[in-house]
Amino acid sequence: MKHSPPGFFHRFFRWYCHPKHRDYIEGDLMEVYEKRLERLGKRGADRKFIIDVLLLFRPGIIKPFRGYKNLNTSGMYKSYFKVGWRNLTRHKAFSFINVGGLALGMTVAMFIGLWIYDELSFDKYHQHYDRIAKVWQGGIDQQTHAIDGGYGLQYPVGATLKNHYGQYFEQVLMAWWITDFTLSVDDKKFARTGEFIDAGGPEMLSLKMLSGSYRSLYDPQSIILSKSLAKTMFGDDDPVNKTLRIDNKVEAKVAGVYEDIPPNNTFSKVQFFAPWPLLKMLQPWVNNRDDDWDNHFVNTYVRLRPNVTVEEANAGIHNLYADHIPPDYYKTIASDEPFVQVVPMSTWHLYSEFSNGHPATGRIVFVWLFGIAGAFVLLLACINFVNLSTARSERRAREVGVRKTMGSMNGQLVMQFLSESFMVVLLAFFLSLVFLTLFQQAFNDLVDKRIALPLGNPWFWLMAAGFILVTAFMAGLYPAFYLSSFKPVKVLKGVIHTDQFAAVPRKALVVIQFTVSVVLIIGTLVVFKQVQFARNRPVGYSRQGLIEVSLNDPAYASKLDVLKTGLLNSGAVSGVATSFSAVTRINNITGGYTWQGKDPDLDAQFVNCEVSPEFGKTIGWEIVAGRDFSPDIAADTISSIIINEAAAKYMGMTDPVGQTFTDVDEFGNFQWSKTIIGVVRDIVMASPYEPVYQTIFHYGGNARGVMHIRLHPAISAGEALPRIKAVFDGVVPSALFDYKFADEEYAMKFGQEERIGKLSGIFSTLAVLISCLGLFGLVSYVAEQRTKEIGIRKVVGASVFAIWKMLSKDFVILVIVSSALAIPFSYFLMERWLLKYEYRTDISWWIFAATAAGAVIITLLTVSYQALKAALMNPVQSLRSE
Amino acid sequence: MKRYQLGEFEEVVILTMAVLNNEVYSVTIKNEIESRLARTVSLGALHTALLRLEEKGYVRSFYGEATRERAGRPKKYFQITALGKKAMAYSKATREELWNAIPKVALKLSGPTS
């Protein structure tokens, strides 16, 4: 028997050796082996053979890892792009639909991506973003049995946190609410938003100090200004060490200037920070509150120690009230199980709404909603690409056949078509960059943000590259596999499977497109209907020509009567009144009231509003029972109240006029008692979507917060305002005349919903536009394909109408199917959306009917152009063309 | 040195090829080196050297006949090209130049005989 070398190593050699060298080296091995067999015998020869094989295992002889390829493939890819480009330029209309549709979709997706990025990076300007938190107090609401609470804290909480829980917190800072103040320097006055905070504030917020330092606020009469405010107030002068006045009551020395906080931050509105002791001078009643566990009126910010988690801190401080409130007082509130917790900065913006004491929802809903809507719009554009590519596959079928005959493999053809879709997406991307820059301003106005295109950011381009690839795959994968699966023999013979089933996936995709579009349209209509419904809600007073002036200067107090007379005498004004707070806002809800027949379980919380006797007449409220306050009846100032209808209902009184209303403190001790003299129609002060809160109006001395001025109906606002300003400047020259129109203030309550409505309007318009573009492409393709058939039909006697009907019918059916799918789905969605509004519209049937009808009409319009063109064509021409 | 790069083993191989003159293929080269220089040569090292020489253009190759003892595999014959001959001459010249430059004393001092 002939000896052969060890099989395993022989095979190993044949496996690893480069095919170019395999044969002759193998020959060498065999020849040497034969000779050694004679000299050394089988075992020796085998051993040497193994050594030889192992020593041959070296670079240069081993085949390359990626398989044996001796071709330069760049030429192939070049030809892919060339063929793809030629296809694009040959069919300009289709290319326009493809690229344009995709560019629209990508623009929307990118805008939304930028918006989401902006939302998610909210507050990240602060270096200690992860460790800043705000203290929140809560307890069990006896009526709902759910946990309720807020950021308003009792004054001693801050000191308690600092003294007893220092192991969790690096900083504990008392702060006031972020509100408007009047700053004045010399005789210039500016209404600006600011924050009074403990001296450590700038350090906690890691403000970028342009001058001064983090210690600047340690001087109790200092203030630090944002760069822009410093510029407005002092121009180009160095503001440091200049003195200014706050609300014309206290003086403060500018100790520093910090870089403006960018817009997407909670503190972006704050244009100056002032130290906490200064607030005590500004609002003397804040003094001596160190043992006041009754009033909830300050904010407390904390910075956690680096290794302390929010959960640890919350567990640690949970029982702060139980452990530190004086026991006899704690007994009265113990049943509420009051507690405190810290709410981290990361949840302030996106999870601003609390559910059972936890930040649960808020703008994050919109992040999801818009994210999904954007993805869908992009999907619609991708569907266009898929449909047009597969529908027009016949044009490419011959090419596929020839390529396959010449030896192309399926995989290579898939690559070819993918590279074509990549090219289209790339074109669309650059077009969408153009759109982005063009519509950037409009978009920013719409979403009320200042988002810049991060064109210089390498991450943006990285994300964009990923986005292009994903879109190219989404759009190109199915067509690529579909087109490359043709059988060359059949295709080259001219038999292409155009049976009716080939169009099924295409029809399904059209149905998806129109379902999404119809859902979006219905959603938009419902949002607008809800906004309109709330707008048309009777507000209980007349907003037109009513202005509110904030009386935030001490000089007003003694001059109110002079001012009133002066205004009335100016002739520009038909009514003047004052009250504690604005009509468009609820400032003060208090409890602890009782009346005859009160349900003892009722918490009895009421909005309290102190007004001057002219208030009702000036704002134009409507008395439904009893009478208005009268300045002539002395008793009104001390013993009369007016309630609203909601309060009457709340108290369960059918005839409230003449009833007695009593205030008691938390221990049940009598405070005061007043008689109800009138009932007014409900006034919408808070959200127009919520029921009106039970309210009591007093005729009282505290009615000095806001002045309400009714402009004279015969005089235009442009004429009246300068005259009013002249009166103000004459009577109280120190104060800033800062007015607001009540109707504008009221309209701002709709901002959020209107924005959603506009955005969803834009989304649905784009969705419809993109879907119709695709439809247009499909119809023109079908019409072109059936040119001959239509010609013959016409020759045989079909009317134009019959042909139009024939071409349109299929598409109309698809749209009707889509509407049938979309209606129940959108009903379900929108009904849930409306549930969050107490005062809400119903979803009437006409919305669905109108949307479905609209969709069919739009479809018919889209289809008819091509259908009629085909139907009107002279059969002589269509039959002759070959 | 850039123009004619020739490694030590490559030089041995190309010189042996010149010695053999005909029937120049891997096995004969291997046998010749092993018998003349008393050093073992693995096929792996030899083939790598041959491939390198071919890449550099010093030798060219052509396929020869397939014999039974080679299990039907062809031989790959090699031939020195003109460039190869130049490289050999260059290599020899540089060595000689260096040899001639060595002072006699130095040779004596370090030589094995001293």
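# A guided tour of chains A and B

Begin by selecting the hairpin of β8(A) and β9(A): 3 residues lie between the strands, and among them Asp247(A) takes a positive phi near 50°. Helices (H or I, at least four residues) and strands (E, at least two) are DSSP runs, numbered from the N terminus. This is a predicted model, in which local features need pLDDT of at least 70 and side-chain atom pairs count only at pLDDT 80 or more, while totals for chains, interfaces and linings use all residues. Residues are numbered from 1 along each chain as its sequence is written, and chains are lettered from A and ligands numbered from 1 in the order in which they are written.

Select Asn248(A) next, in the loop between β8 and β9 of chain A. Asn248(A) has a positive phi of about 60° although it is not a glycine. A residue is buried if 20 or more other C-beta atoms lie within 10 Å of its own, exposed if 12 or fewer, and partly exposed in between, with C-beta atoms placed from the backbone.

Now display β9 (residues 250–258) of chain A together with its partners; two strands pair if DSSP finds at least two bridges between them. Strand β8 (residues 243–246) of chain A runs antiparallel to β9(A) and is joined to it by 4 bridges; here Leu244(A) has Ala252(A) as its bridge partner. Strand β7 (residues 222–226) of chain A runs parallel to β9(A), with 5 bridges, and Ile223(A) is paired with Val254(A). Strand β6 (residues 209–211) of chain A is antiparallel to β9(A) and has 2 bridges to it; Met209(A) stands opposite Tyr258(A).

**Strand β3(A) and its partner**

Move to strand β3 (residues 169–175) of chain A, where 5 of the 7 residues are buried. In an antiparallel arrangement, 6 bridges join β3(A) to strand β11 (residues 299–304) of chain A. At Ala175(A), the bridge partner in β11(A) is Asn299(A).

In the loop between α8 (276–282) and β11 of chain A, select Asn288(A). Asn288(A) is another residue with a positive phi, of about 55°, although it is not a glycine. Asn288(A) counts as exposed, having 10 C-beta neighbours inside 10 Å.

Select helix α2 (residues 19–56) of chain A, which has 38 residues. Its end C-alpha atoms are only 14 Å apart, short of the 56 Å that a straight helix would reach at 1.5 Å a residue; the expected span is 1.5 Å times one less than the number of residues. Where is the kink in α2(A) centred? It is centred on Leu40(A) and amounts to about 125°, the bend being the angle between axes fitted to the seven residues ending there and the seven starting there.

In helix α4 (residues 92–120) of chain A, select Gly113(A). Gly113(A) and Val367(A) are 254 residues apart in sequence, yet 9.6 Å apart in space, C-alpha to C-alpha.

**Where chain B touches chain A**

Finally, display both chains: 17 residues of chain B are in contact with 17 residues of chain A, contact meaning that C-beta atoms, placed from the backbone, lie within 7 Å. On the chain B side, α2 (26–37), α3 (43–56) and β2 (74–80) each give two or more residues. The most come from α3(B), with 6 residues.

Notes: Contact = placed C-beta atoms within 7 Å.
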